[in-house]
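Please read each point with the coordinates open.

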Amino acid sequence: MLYHVSLDTSDIVEEFTPRIPSEQSRIEGEDRTIPRICVANTIEDCLTGFPEGGYKLEGNCPMLIRVYEFDENEIEKENIVRAQELFIKDIVPDAWVTGEHWVINQSIKPKNHYVIQVKEVEIQDAPFITRKMFEEAIVEGNSLQDLMDLLENRSSAMVARVEKLRYKKMP
């Protein structure tokens, strides 16, 4: 299952068509030419990928969110661009944290949708890094811990990773 979330709980989208998100909805350095539908493997990843990331949830719970579920088997494999590819190709700089995937070149219909009330989340800061920073740290680091330390030390910004989501499904 793949997920997409929206703060708009009043309208229901019956079919999603690839589009280029507004500038306010994109992180600096994110591609502005490829029409896409942003999805992720978990609701937490979707919330992490929100504009302003998980920081938007801090102090704003409870919050209502519409969740859309898509059957991944109904999406042509070549039309799913995975988070790793988005990061490695410098298309979405924070995809390594958000887990954001793109569906391109096809419209998709949700299998299910519902509203949740986000009750609580835990926010973990992750260093905002570029592909170049990652490549340099891999060459210099001798262990996974070295790699993580190098990345954290070189980062000048953080990305809010949403974890431990607690929510109630609304009737």
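1. The largest pocket of this predicted model holds about 1000 Å³ of space. Of the 44 residues in its lining, Ser-25, Cys-38, Gly-49, Phe-50 and Pro-51 are the closest to the pocket centre.

2. Which elements each supply at least two residues of this lining? They are strand S1 (2-6), strand S2 (37-39), helix H1 (43-48) and strand S7 (158-169). Sorted by class, the lining of the largest pocket comprises 21 nonpolar, 11 polar and 12 charged residues.

3. Across the whole structure, 13 salt bridges are found. In one of them, Asp-45 pairs with Arg-161 at an N to O distance of 2.7 Å. This pair links distant parts of the chain, with Asp-45 in helix H1 and Arg-161 in strand S7, 116 residues apart. Both Asp-45 and Arg-161 are buried.

4. Arg-82 and Glu-72 also meet through their side chains in a salt bridge, at 2.4 Å from N to O. Glu-72 lies in the loop between strand S3 (63-70) and strand S4 (80-81), and Arg-82 in the loop between S4 and helix H2 (83-88), so the pair ties together parts that are 10 residues apart in sequence. Arg-82 is partly exposed, at a relative accessible area of 30%, whereas Glu-72 is buried, at 18%.

5. A further salt bridge joins Glu-30 to Arg-36, whose closest N and O atoms are 2.7 Å apart. Both of these residues, Glu-30 and Arg-36, are buried.

Methods: Residues are numbered from 1 along each chain as its sequence is written. This is a predicted model: local features need pLDDT of at least 70, side-chain atom pairs count only at pLDDT 80 or more; totals for chains, interfaces and linings use all residues. Side-chain values use heavy atoms; hydrogens and water are left out. On a 1 Å grid over the protein atoms alone, a cavity is a set of points where a 1.4 Å probe fits but cannot get out, and a pocket is an open set with protein on both sides within 12 Å along at least five of seven lines; lining residues have an atom within 4 Å of a point. Grid points are joined across faces, edges and corners, and a volume is the space filled by probe spheres set on the points. Helices (H or I, at least four residues) and strands (E, at least two) are DSSP runs, numbered from the N terminus. Ala, Val, Leu, Ile, Met, Phe, Trp, Tyr, Cys and Pro count as nonpolar, Asp, Glu, Lys and Arg as charged, and the others, Gly among them, as polar. A salt bridge is a side-chain nitrogen of Lys or Arg within 4 Å of a carboxyl oxygen of Asp or Glu. Buried means under 20% relative accessible area, exposed over 50%, partly exposed in between (1.4 Å probe, protein chains only).
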